[in-house]
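Here is a friendly walk through one protein model, with an eye on its rings and one of its helices. Take a look at the structure first, then read on.

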Amino acid sequence: EIITSHSDLSKSSIFNMLTVCHEIAAYAIKNEYITADFSKYLTAEYRDSEPIHRPFTRDEIARLWKDRNEDAAQFALIMIYSGLRPSELLQAVFTEDDLVRKYVVAGLKTEAGKNRVVPLHDSIIPIIRCRLMDSKDGHLFRPLSLGAFRTRVWNPYMEPISMDHLPHDGRHTCATLLEDAGVPLNRRKLILGHSQRDVTDGVYTHVPPEALVMEINKIRT
């Protein structure tokens, strides 16, 4: 009855409530308070969650280019034209050699994403080079946590221009633009650091960095 009365909550919230019931039942069986787990018969309704992330539109990307001297706009553009996660961009260390070869070895989080080749679109290399000239350690942005970056840099830029986006939306935009540009799925996964479920694509197919650079540059600015 309690779960049913909260059917207006999201799927994840409802599943958390069911998990509590399953854990309590498991504890009760272990301690011989009950002999049967009736929690496995629980069902629940929930509202469909709205997508948290959405790509930048072409008009919004044009606005970012117009404001390309702003830190937050540069941050968004680098993500859009590289596929880096926000936390990856904050932690990545760049060198001039990276800009010459047009890719950087970076990446966090997943096994497929760690220390991957991240191709850099030609359009963002001047932005990165400019920031690199002002950097003492190769980091393009101040050493902040993602939360602090949103509070101090991202939100103060986005809110006044009514651009309702999270930092991670830049990465989603990259994925969308790669698909629109006709980049093959396995190469999109390599660029974004997604795991390859197909054994052939994931193990036996080796894509040179130069090929990924070519793929990222299929995105039109």
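Predicted model: local features only at pLDDT ≥ 70, side-chain atom pairs only at ≥ 80, totals over all residues.

The structure has six aromatic pairs. Two of them are set out here.

| Pair | Centre to centre | Angle between planes | Geometry |
|---|---|---|---|
| Trp65 and Tyr81 | 5.8 Å | 45° | tilted |
| Phe75 and Trp154 | 6.2 Å | 75° | edge-to-face |

Trp65 sits in helix H2 (residues 58–66) and Tyr81 in the loop between helix H3 (71–80) and helix H4 (86–91), so this pair links parts of the chain 16 residues apart. Both Trp65 and Tyr81 are buried. The planes of Phe75 and Trp154 stand at 75°, which is why that pair counts as edge-to-face. It connects helix H3 with helix H7 (residues 146–158), its two members being 79 residues apart. Phe75 is buried, at a relative accessible area of 0%, and Trp154 is buried at 0% too.

Now for helix H1, which covers residues 11–30. Its 20 residues reach 28 Å from the first C-alpha to the last, close to the 28 Å expected. Which residues of H1 are buried? They are Ile14, Leu18, Ala25 and Ala28. These four lie on the same side of H1 because they cover an arc of only 80° around the axis. The face turned away from that buried side carries the exposed Asn16, Glu23, Tyr27 and Lys30. Just after H1, Glu32 adopts a positive phi of about 60°.

How values were computed
Residues numbered from 1 in each chain as written. Heavy atoms only, no water. Expected span 1.5 Å × (residues − 1). Buried < 20%, exposed > 50% of the residue type's maximum accessible area, 1.4 Å probe, protein only. Arc of directions from axis to C-beta. Phe/Tyr/Trp six-rings, centres within 6.5 Å; stacked < 30°, edge-to-face > 60°.
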